[in-house]
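Subject: Handover of a structure, with notes

Dear colleague,

I am passing on to you the structure that I have been looking through, and my notes on it follow below. Please read them with the structure open beside you.

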Amino acid sequence: MLTKFEVVNFKSFSTKISFNLGDTSNYSFNSECLKDGVVNKALIYGHNGVGKSNLGFAIMDIVSHLTDKNSVSQEYRHYLNALGTSEIAEFKYEFKLPHGLIEYSYGKRSLDTLVYEKLVVNGELFAEIDRRLGTAIEISAAGAESLARDIGDSQISIISYIDKNTVLQRNRNNSCFAEFLVFVNGMLFFRSLEGNSYLGLDQGRRSITKDIVERGNLIDFENFLNEAGIECKLDKINTGEDEAGIGFVFGKKVIPFYDIASQGTKSLALFYFWLQRLKETYKVSFLFIDEFDAFYHHTLSELIIRKLRGVSSQVVITTHNTSIMSNDLLRPDCYFLLSAKGLNSLANISVKELREAHNIEKMYKAGTFGG
């Protein structure tokens with residue numbers, strides 16, 4: 001699991017932003033929102049323009065150089081903070097995995113230009129390079145002794161270099177390293193604003209409705225929409241080239257799904273598309289949904305959160321809708337507020353002791369959390 005993330009000089013973050021998922025409180029309610037003492041379901045609030053989307057892009061930056069998964073480069077065109085004086089953006093991740101702890105930090109000039117990297121496994125240096133000082137790598141991984149220590153002008157990540165060119169010995173640190181790579185390969189970001197875009201986990205594009213049909217989930221999708229308050233009956237249709245799609249049934253007529261679906265219903269279809277993968281516990285390790293409820297009524301937003309609470313993946317979602325700020329859904333150390341002052345959980349920015357019976361939305365609007 002991701003326990004802590006820091007970034008500075010990236011996009012809108014001129015000063016360091018720290019997202020600490022390991023700083024939890026001893027609340028007795030909604031304990032399933034934590035896993036091994038780490039926040040497993042988090043919701044980030046913030047006004048428009050404070051950097052909620054950029055935080056997601058920052059966390060997902062790691063995917064671009066450690067995996068071959070989908071990376072939407074246009075989202076990273078303006079990479080460095082416009083007012084920053086440094087020539088690199090710097091990132092630091094901390095992970096808690098079955099075989100121990102990972103600390104991974106690096107700096108980049110752009111999405112594709114690594115400047116330095118440092119990987120520490122269970123408190124021991126595993127690998128390090130600083131291209132400002134030279135092209136030599138320091139590696140202490142057992143099994144990588146014969147690996148060339150100079151990579152020349154190559155921009156390959158030293159993590160990928162080790163992974164693709166060695167068969168590491170079996171020990172705790174190497175197992176932890178392997179778990180780290182699996183976690184990063186399972187990271188996913190998606191949003192339905194400005195089209196259905198995603199980062200990580202998969203490659204390429206595919207038809208949402210075709211995917212639902214091919215997985216045999218048409219009836220389940222129909223039930224999902226009806227549960228969400230969209231009364232409908234669905235059926236398979238041929239969309240051309242013998243590809244199966246989905247249509248709404250009106251008596252003897254069947255109208256293609258995307259011809260008449262509202263933006264909110266299309267957004268639900270996108271969520272259901274990824275929900276299928278979330279239910280495959282080996283697939284998604286970490287999920288970031290940006291402005292998850294942009295097209296939802298607040299009761300539908302609650303339903304989506306309850307669906308997400310039922311998956312094993314670590315989930316972070318962003319919103320500016322305070323109506324779902326409730327101890328019925330999560331708990332104060334799972335709600336985070338992003339502002340010019342930084343990113344902190346409600347539990348850490350309230351001088352009052354927060355209890356299960358408190359109406360934290362009302363407290364938020366009254367300024368208890370500086371909102």
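Asn30 lies in the loop that runs between strand 2 and strand 3 (34-35), and in this model, which is a predicted one, Asn30 has a phi near 50°, a positive value in a residue that is not glycine. Most residues other than glycine have a negative phi. Asn30 is buried, because its relative accessible area is 13%, and the cut-off for buried is under 20%. Lys11 can be read beside it: phi of Lys11 is also near 50°, again positive in a residue other than glycine, and Lys11 sits in the loop between strand 1 (2-8) and strand 2 (17-20). With a relative accessible area of 16%, Lys11 is buried.

Turning to the protein as a whole, you will find nine helices and 19 strands in its secondary structure. The radius of gyration is 22 Å, which is close to the 21 Å that the globule rule gives for 371 residues, and the protein is therefore as compact as a globular protein of that length. Taken along the principal axes, the C-alpha atoms fill a box of roughly 70 × 60 × 40 Å. Of the 371 residues, 53% are buried, and of the contacts with a separation of 6 or more, 61% are between residues 24 or more positions apart. The protein exposes about 17,100 Å², of which carbon and sulfur atoms supply 46%. As for charge, there are 41 positive and 45 negative side chains, and the centres of these two sets lie 3 Å apart.

Which residues touch the most other members of the largest nonpolar core? They are Phe19, Ile62 and Phe180, in a core that holds 124 residues, and helix 7 (residues 263-278) gives the most to this core, with nine residues. If neighbours within four places in sequence are left aside, Phe180 is in contact with Ile62, Leu66, Phe95, Leu97, Ile102, Tyr104, Leu119 and Ile159.

Two further buried residues are found in helices. Asp61 has its place in helix 1 (residues 52-66) and is buried, with a relative accessible area of 0%. Not counting residues up to four places away in sequence, Asp61 touches Tyr76, Tyr79, Phe91, Tyr93, Tyr106, Lys108 and Leu111; of these, Tyr76 is 15 residues from Asp61 along the chain, and the C-alpha atoms of the two are separated by 8.8 Å. Ser160 is placed in helix 2 (residues 158-165) and is buried at a relative accessible area of 8%, while its contacts, apart from neighbours within four places in sequence, are with His65 and Leu66.

Are the two glycines that I looked at, Gly310 and Gly370, buried or exposed? Gly310, in the loop between helix 8 (298-309) and strand 17 (314-319), is exposed, with a relative accessible area of 67%. Although Gly310 and Glu32 are 278 residues apart in sequence, their C-alpha atoms are 9.2 Å apart in space. Gly370, which lies in the segment after helix 9 (360-365), counts as exposed because its relative accessibility is 54%, and the cut-off for exposed is over 50%. Gly370 and Ser339, 31 residues apart in sequence, are 9.3 Å apart from C-alpha to C-alpha.

With kind regards

Definitions and conventions:
Residues are numbered from 1 along each chain as its sequence is written. This is a predicted model: local features need pLDDT of at least 70, side-chain atom pairs count only at pLDDT 80 or more; totals for chains, interfaces and linings use all residues. Side-chain values use heavy atoms; hydrogens and water are left out. A nonpolar core is a set of buried Ala, Val, Leu, Ile, Met, Phe, Trp, Tyr and Cys residues joined through side-chain atoms within 4.5 Å. Buried means under 20% relative accessible area, exposed over 50%, partly exposed in between (1.4 Å probe, protein chains only). Helices (H or I, at least four residues) and strands (E, at least two) are DSSP runs, numbered from the N terminus. Contact means heavy atoms within 4.5 Å. The radius of gyration is taken over C-alpha atoms; the globule rule is 2.2 Å times the number of residues to the power 0.38. Accessible areas come from the Shrake-Rupley method with a 1.4 Å probe; for residues, only the protein chains shown count as cover. Lys and Arg count as positive and Asp and Glu as negative; His and the chain ends are not counted. The place of a charge is taken as NZ of Lys, CZ of Arg, CG of Asp or CD of Glu.
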